[in-house]
Amino acid sequence: MLDRFTMPLTHRPLARLARHLHNWKVSPDQVTLAAFLVGMSALPLLAFEYYAFALIAILLNRLGDGLDGALARLSGQQSDAGGFIDIGLDFVFYAAVVLGFALANPAQNALAAAVLLFAFIGTGTSFLAFAIAAKARNVERPNFPQKAFYYLEGLTEGTETVIALVLFCLFPEDFPWLAGVFSAACMITTATRLWGGYWTLRAHPRSENIRR
């Protein structure tokens, strides 16, 4: 919901950082992998309740997630392969953060974490399944033309997810109800994406049959 407003604000600072990395011969895939490894350190940090350090790891991961795309555009290295590994590692990272909170306090957090992971499955699969079909039909993506995949909008997008992760770390004792609220928002996103995606694809038929 908020990505269309926040992405333009981050474009210039990310482009400046990308220029430095380009001069140092750093590749977008290297940034993607480094950001993922830093982000995954949040899992043990959360499990041992080092929430401040986990928050730093999460924010650095999100910085790297924006930086690899800016670097790819600057260096002319945009590719489906890079977009695939980027989005794939993003979902692994999100799940790892939720698991970290479950391990930190299983009695309090495990059920809320399980519900949130369930909600993440809905948002992730509806996003990626639509992206595959939209690419096959050349569906236009006016709000996010720089994305490697068709960016299907919803109530919870990247910005909302970052805000949720930050709140989890700032108020870990409130994780159950914070996760519950965000889970509900993710489920609404799943429902609207399935509905909107279905009718969008109905409006862009392919001449040949797609195997179901």
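This is a predicted model: local features need pLDDT of at least 70, side-chain atom pairs count only at pLDDT 80 or more; totals for chains, interfaces and linings use all residues.
An axis here is a line fitted to C-alpha atoms, for a helix over the stretch in contact, and angles between N-to-C directions run from 0 to 180 degrees.

**Exercise 1. How do H2 and H4 run relative to each other, parallel or antiparallel?**

Step 1: Find the two helices; H2 covers residues 28–40 and H4 covers residues 51–75.
Step 2: Compare their axes, which come within 8 Å and cross at roughly 175°.
Step 3: Angles over 145 degrees count as roughly antiparallel, and H2 and H4 are therefore roughly antiparallel to each other.
Step 4: Look at who meets whom. On the H2 side the residues include Val31, Ala35 and Phe36, and among their partners in H4 are Leu60, Gly64 and Leu71. By class, this contact of H2 with H4 has 10 nonpolar, 5 polar and 2 charged residues.

**Exercise 2. Which residues of H2 are buried, and where do they sit around the axis?**

Step 1: Pick out the buried ones: Pro28, Val31, Thr32, Ala35, Phe36 and Gly39.
Step 2: These residues cover an arc of only 130° around the axis, so they lie on the same side of H2.
Step 3: See what they pack against: H1, H3, H4 and H5.
Step 4: Check the length of the helix. At 1.5 Å a residue, the 13 residues of H2 should span 18 Å, and the end C-alpha atoms are 18 Å apart, so the two values agree.

**Exercise 3. What does Met187 touch?**

Step 1: Locate Met187 in helix H8, residues 175–202.
Step 2: Leaving out residues up to four places away in sequence, Met187 touches Val115, Phe118 and Ala119.
Step 3: Take Ala119 as one of these partners. Along the chain Ala119 and Met187 are 68 residues apart, yet their C-alpha atoms are separated by 5.7 Å.
Step 4: The relative accessible area of Met187 is 35%, so Met187 is partly exposed.

Definitions and conventions. Residues are numbered from 1 along each chain as its sequence is written. Side-chain values use heavy atoms; hydrogens and water are left out. Helices (H or I, at least four residues) and strands (E, at least two) are DSSP runs, numbered from the N terminus. Angles under 35 degrees count as roughly parallel, over 145 as roughly antiparallel, 65 to 115 as roughly perpendicular and the rest as oblique. Contact means heavy atoms within 4.5 Å. Ala, Val, Leu, Ile, Met, Phe, Trp, Tyr, Cys and Pro count as nonpolar, Asp, Glu, Lys and Arg as charged, and the others, Gly among them, as polar. The expected span of a helix is 1.5 Å times one less than its number of residues. Buried means under 20% relative accessible area, exposed over 50%, partly exposed in between (1.4 Å probe, protein chains only). The arc is that of the directions from the helix axis to the C-beta atoms.
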